[in-house]
Amino acid sequence: MIVGLGLLVVLVLTAVAVGTALSRRRHRDADAGAGAGVGAGGEAQGSGIRRFFQYLLLAGLLFASASGVTGLLGRLLDRDDVLVEDEAALALQLTFTLIALPLWALLARWTWRRLHTVPAETRSAGWAVYLTAVGLVSLLVAITGWHEALAILVVPGRDGPGSAFAQALVWSLVWGLHHWWGPRITPREHLRPLHLVGSLIGLVTAATGLVRLVSSALRIVLGLEGESIVDTTTPLLLDGGIVFAVGAAAWVAYWWRRAVRDERDTPWLALVLLAGVGGGLVAAIAAASLAGYSVLVWLVGDPRATGATEHFDTLPGQVATALVGIVVWWYHRALLDAESTPGRTEVRRVYEYLLAAIGLLAAGSGLVVLVVTVVEAIAVADVLAGASAVNTLLGALVLLAVGMPLWWRHWSRAQLARSEQAAAEVVSPTRRAYLLLLFGVMGLTSVVTVMTLVYLVLQDALASGVDVETLRSVRFALGILVTTSLLAAYHWTIFRTDRDDTEELERAGALPARAARAVGTVPPSTARRRRVLLVGAADGAAAELRGDELELELVRRTDIDVPGASVGELREALATYPDGDLLLLEEPDGLRVVPIQRER
C-alpha cells in the first residue's frame, strides 16, 4: 500500500513536471537563438529551481526504469529456475517499465533538445551533477553485476544467473549511454569530478582484485590452498581475476582515456598524491610490516600456532598487498615525475612531505610500542593481548625499521633543500602546512592521552590504590604521550628556526616579493606583457587568464560555430609555448596554437 501511494505521488509529480516543462518551451522559442537574452530575461528567473527538479526527476525515472527492466529481464532469463512467484515484485517491475520508462524517454528527449538549443544548459551545475550521479551509480551497479555474472560462468550451477546478467547488461547500457552522451555537449571541466571519482573507484577495485589474484596464486605455489568445503564457491584465484578485470576496465575508461590528460590542478594532484602515492605506500608499508613481523615471530619470537601452515596462513595476502601497493605507488610517482618541471616545485614538496609523514607515522607507532614494551618489563607483565613481550618488541622493531628509513630519506631531502634555498623553502606553504598539521595532530592526541592517563590513575587511586597493575593499565597512554612529546619538541625547534630565518631574510630584503604576495600588492611587471589573441567562441570562459603578465584579447568567429575551450586547455596551450605572443584558434576539432610576432 505504501509503495503504491509513493508510486502514485511520483507519477503525479512527473506528469506535472513534464507538462510544465513542455508549456514553458513554447514561451522560450522566441529567445532560443540568443542564449544571453534567455539568461537575462524571465527564463533565468527560477532556472536553478527548475533544473534541480528536472534533473532530479530525470535521474529518479532512469533508476526506476533500469530497475524495472533489470527485474523483467532477469525473470525472463531465469524462467526455468523460478520456484516461488513474487507477484508484488513483478507488479512493481512492470510499473517501472511501462510507466517510468516512457516518462523518462519523453523527459530525456526534451532535455536533449534543450541542451542543444540553449548553451547555458550544458554549463549548468544541475546537468553536471546529474551526469556525475548517474555515471557513478550505474558504474557501481554494473561492476557488481559483472562480477556476479562472470563468477557464474566460472562456477556452473549457481542460482540466479539470469538476474546477474540482466543487472550487468542493463546498467552497463545506462553507463555507456551517459558516458557517450556527456562529453559531446558538456564542457570538459564540468565532468572532471566524474572522471576523478570514477578513476578512484576503478583503481581501488582493480587493486583489490589484483591482491586477491596474487594472494591466491601464492597460496597455490606455497601449498597453503586447502580444499573448499562447498564445491560451488568461486575459486579465489578466478574471483580475483574477475574483480581485477572489471576494475581495470573502469579505470581505463575514466583515467587512462580521460582524467590522465586533464589539467594538473588541486583535485587531480589530490587523487594522484593521496590515493595513488599515499594510499599505495601506506598499504605496502602496513602489509610489509605485518609480513616481517610474522616471519620474525616464527624465527625468534613466540608463535601462537604450532605449525608453519597455520602461522603463515595470512602471509600470501600480506605479500600480495605489499606488491600491489608498491606498483600503485610507483605508477603515480612516475606520473608526477613525468609531469614535473625542472627545479623544486610545490608538487615535489608535497610528495616529499607526504612520504615523510607516512614514514613518521610508522616510526612513531613503533616508538609507542617500544615504550609499551619497556613499561611492561618494568611492571613485570606477562603478556600483551595474548602475545609475549618478545613479540611486542619485535613488532616495535619492525615498525621502526620500516618507518625510520622512509622518514629520514624524504625529510633529509627537504632539510637539504632548506639549507640550500632557504628563501624559497621557509615560505613554502607545503612546509608550513606540514609542520602545523603535525603540531595540531600531536597537540590533540596529547590532550586526549593526558585525560585518559589521569582518569586511569584516579580510578585505581579511588578504588584499591595505585600499584603495579596501574602502571600496566596506563602503558599505552604513556607510550603515546612520550612519543608525541618527543616528536613535538623536535619539530618545534624546526618551526622556530624557520620563523627566525624568515624574519631575518625579510629584514635583509631577501623576501620582498613574498611579503607583497601575501597581501596581494605585488606591483605589475615593467616588462612588455605577453599578448594572446583568442579567436573562437569568445564566451568569456578565459577571462580568468587575464593578468598583469598576460594581455588577452577575445575575438568571435562568425564563419562557423565552435565549442569554447576550457580554462585547463588554454593553460596547457600557454604552457606549451611559455614565451612569445600566441594566436589561439578554436576549431571544431579542438584548439590550435599558433606562435606569432608583432611587427614594430
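Modeller: A residue is called buried under 20% relative accessible area, exposed over 50%, and partly exposed in between, with a 1.4 Å probe and protein chains only. This is a predicted model, in which local features need pLDDT of at least 70 and side-chain atom pairs count only at pLDDT 80 or more, while totals for chains, interfaces and linings use all residues. Residues are numbered from 1 along each chain as its sequence is written, and side-chain values use heavy atoms, with hydrogens and water left out.

Biologist: Why does Arg592 count as partly exposed?

Modeller: Arg592 has 47% relative accessibility, so it counts as partly exposed. Glu587, at 21%, therefore also counts as partly exposed.

Biologist: What makes the contact of Arg592 with Glu587 a salt bridge?

Modeller: A salt bridge requires a side-chain nitrogen of Lys or Arg within 4 Å of a carboxyl oxygen of Asp or Glu, and the closest N and O atoms of Arg592 and Glu587 are 3.9 Å apart. Elsewhere, salt bridges with shared partners join Arg50, Arg51, Arg114 and Glu121 into one network, and the structure holds 18 salt bridges.

Biologist: How do you know that Arg219 and Asp313 form a salt bridge, and which parts does the pair tie together?

Modeller: Their side chains meet at 3.0 Å, N to O. Arg219 lies in helix H8 (residues 192-222) and Asp313 in the loop between helix H11 (308-311) and helix H12 (315-339), so the pair ties together parts that are 94 residues apart in sequence. Arg219 has 15% relative accessibility and so counts as buried, whereas Asp313, at 35%, counts as partly exposed.

Biologist: Where do Glu469 and Arg472 lie?

Modeller: Both belong to helix H17 (residues 468-473), three residues apart, which is about one turn of the helix, and their side chains meet in a salt bridge at 3.8 Å, N to O. Glu469 is partly exposed with a relative accessible area of 46%, and Arg472 is partly exposed with 24%.

Biologist: Why is H10 called roughly parallel to H13?

Modeller: The axes of H10 and helix H13 (residues 346-379) come within 11 Å and cross at roughly 30 degrees, and that makes H10 roughly parallel to H13. The terms are set by angle: under 35 degrees is roughly parallel, over 145 roughly antiparallel, 65 to 115 roughly perpendicular and the rest oblique.

Biologist: Which residues form the nonpolar patch on the surface?

Modeller: Val295, Leu296, Trp298, Leu299 and Val300 form this patch, with about 430 Å² of accessible area together. Val295 lies in helix H10 (residues 266-300) and, at 33% relative accessibility, counts as partly exposed.

Technical notes. Patches are made of residues with over 30% relative accessible area and no salt bridge: like charges are joined within 9 Å, nonpolar side chains (Val, Leu, Ile, Met, Phe, Trp, Tyr) within 5 Å. Accessible areas come from the Shrake-Rupley method with a 1.4 Å probe; for residues, only the protein chains shown count as cover. Helices (H or I, at least four residues) and strands (E, at least two) are DSSP runs, numbered from the N terminus. Axes are lines fitted to C-alpha atoms, for helices over the stretch in contact, and angles run from 0 to 180 degrees between N-to-C directions.
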